[in-house]
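Trainee: Hey, can you walk me through this one? I'd like to start with the inside.

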Amino acid sequence: MRARLSRMFVLIGVAVVIIGFALRINALLVVTVAGIVTAAIGGIDPVGILTAFGSGFASSRSVTTFALVLPVIGLIERYGLQDQAKRLIAKLDKLTTGRILAGYLAVRQVTAAVGLTSIGGPAQTVRPLVHPMAEGAAIKKYGRIDERMREQIKGFSASSDTVGVFFGEDVFVAVGSILLITSFVDETYKLTLEPIDLALWAIPTGIAALLVHGTRLLLLDRKLDKMAADVRRTEGVVA
């Protein structure tokens, strides 16, 4: 009974997280306090808590690279990267919003399949490059876009990156998800599952994702045509 109660008390850390997030307190502070509370209830001494935090930071320090990436992106945007991307697209006649995003989807999926998952992302490429290029193509075609069209382009720009990396990275045998699945299956079901087997089975899924979402991106041009027609119709009625 005492052991069961001690395990229940450890869950107080989860309550700290829920209350902290509900009160909209700084997430880093909430998680840190919850970790300290949980460790203290679990009987870990202060030195052990500090060691655990240090080990966790050292093993995942690559996560903090955003502290360098975000200022760089902000600086290049400050000096007109998005404007230059829009001007470049304005000079290319055959590139539409859907074709740009479909092309990026293919590139993102292929690069993720060979392990290059960090060369793209919402912060690194979508916001400063892909979205401005897609929006520039729409402005070039329609002259002006309203807020609904802009939000559609934003959403599909983000999805081209997310779908590409999600279905492409599993083709790479050394990605974390593949190793996690193989280790779980081997330990739980006493089987021998090779990473290459999962990677090979991920190829048809990746191809299907490319075809399905690539088609949706290409059909985005038709959707934008209808939305632009509605905008012109509405402006005509108002005029």
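Mentor: We'll go through the core, a helix pair and a database record. This is a predicted model, where local features need pLDDT of at least 70, side-chain atom pairs count only at pLDDT 80 or more, and totals for chains, interfaces and linings use all residues. Residues are numbered from 1 along each chain as its sequence is written, and side-chain values use heavy atoms, with hydrogens and water left out.

Trainee: OK, how many residues are in the largest nonpolar core?

Mentor: 21, and Leu101, Tyr142 and Met149 are among those with the most contacts inside it. Such a core is a set of buried (under 20% relative accessible area, 1.4 Å probe, protein chains only) Ala, Val, Leu, Ile, Met, Phe, Trp, Tyr and Cys residues joined through side-chain atoms within 4.5 Å.

Trainee: Which helix gives the largest share of this core?

Mentor: Helix 11, with seven residues. Helices here are DSSP runs (H or I, at least four residues), numbered from the N terminus.

Trainee: And what does Met149 touch, leaving aside neighbours within four places in sequence?

Mentor: Tyr142, Leu224, Met227, Ala228 and Val231. Contact means heavy atoms within 4.5 Å.

Trainee: New topic: how do helix 7 and helix 8 cross?

Mentor: Their axes come within 7 Å and cross at roughly 150 degrees. That makes the two helices roughly antiparallel (over 145 degrees). Axes are lines fitted to C-alpha atoms over the stretch in contact, with angles from 0 to 180 degrees between N-to-C directions.

Trainee: Which residues does UniProt list as "transmembrane region"?

Mentor: The unreviewed entry lists 163-186 and 198-219. In the model, 198-219 is 100% helix, while 163-186 is 71% helix.

Note on methods:
Buried < 20%, exposed > 50% of the residue type's maximum accessible area, 1.4 Å probe, protein only. Parallel < 35°, antiparallel > 145°, perpendicular 65-115°, else oblique. UniProt positions renumbered as here; feature names shortened; annotations may be inferred.
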